[in-house]
Amino acid sequence: MHRAQRVFLAVNAAPFAVGVVLSCTAELAAAPVYGRLTLGLLWGVLQLGVFAGSVWWYENQATHVCDPLEQSLMSEAPGASPADESRR
């Protein structure tokens, strides 16, 4: 699980750092890319997409890799459905 946390942090830290640099240099962020689309706006949309994708990936990793205590609690739960059992 710690590997997933490190990957999540690394994947989101790099675009965040570039976003901070772009916010410090207004001329660079205002550079036109296509029509009225600027580099700053394009980077913000891409950063949002990377964040949403990494959250989805991290959530998948977190549901597939459970700690043993959580697995034992889930298996002893009185209302555990068969769908919950198929996830393991």
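A residue counts as buried when its relative accessible area is under 20%. By this criterion, buried residues make up 7% of the 88 residues in this protein, which is shown here as a predicted model.

**Figure 1. Overall architecture of the predicted model.** The protein contains five helices and two strands. Along the sequence these elements follow the order α-α-β-β-α-α-α. Among contacts between residues with a separation of 6 or more, 54% join residues 24 or more positions apart. The protein exposes about 6800 Å², and carbon and sulfur atoms supply 69% of that area.

**Figure 2. Close-up of helix 1.** Helix 1 spans residues 2-24 and comprises 23 residues. From its first C-alpha to its last, helix 1 reaches 33 Å, close to the 33 Å expected at 1.5 Å a residue. Ala4, Asn12, Pro15 and Leu22 are buried in this helix. The cover over the buried residues of helix 1 includes helix 2 (26-29) and helix 3.

**Figure 3. Packing of helix 1 with helix 3.** Two packed helices are described by the angle between their axes and the distance between the axes. Here, helix 1 and helix 3 (residues 39-64) pack at an angle of about 170°, and their axes lie 10 Å apart. Helix 1 is therefore roughly antiparallel to helix 3, because an angle over 145 degrees counts as roughly antiparallel. Helix 1 contributes residues including Val11, Phe16 and Val18 to the contact, while helix 3 contributes residues including Trp43, Gln47 and Tyr58. The residues of this contact divide into 15 nonpolar, seven polar and no charged.

**Figure 4. Surroundings of Asn12.** Asn12 is located in helix 1. With a relative accessible area of 15%, Asn12 is buried, because this value falls under 20%. Not counting residues up to four places away in sequence, Asn12 touches Val50, Phe51 and Ser54.

Figure 5. Trp57 is found in helix 3. Is Trp57 buried, partly exposed or exposed? Its relative accessible area is 26%, so Trp57 is partly exposed, as a value between 20% and 50% requires. Leaving aside neighbours within four places in sequence, Trp57 is in contact with Ala4, Val7 and Phe8. Trp57 and Phe8 are 49 residues apart along the chain, and their C-alpha atoms are separated by 8.5 Å.

Methods:
Residues are numbered from 1 along each chain as its sequence is written. This is a predicted model: local features need pLDDT of at least 70, side-chain atom pairs count only at pLDDT 80 or more; totals for chains, interfaces and linings use all residues. Side-chain values use heavy atoms; hydrogens and water are left out. Helices (H or I, at least four residues) and strands (E, at least two) are DSSP runs, numbered from the N terminus. Buried means under 20% relative accessible area, exposed over 50%, partly exposed in between (1.4 Å probe, protein chains only). Contact means heavy atoms within 4.5 Å. Axes are lines fitted to C-alpha atoms, for helices over the stretch in contact, and angles run from 0 to 180 degrees between N-to-C directions. Angles under 35 degrees count as roughly parallel, over 145 as roughly antiparallel, 65 to 115 as roughly perpendicular and the rest as oblique. Ala, Val, Leu, Ile, Met, Phe, Trp, Tyr, Cys and Pro count as nonpolar, Asp, Glu, Lys and Arg as charged, and the others, Gly among them, as polar. The expected span of a helix is 1.5 Å times one less than its number of residues. Accessible areas come from the Shrake-Rupley method with a 1.4 Å probe; for residues, only the protein chains shown count as cover.
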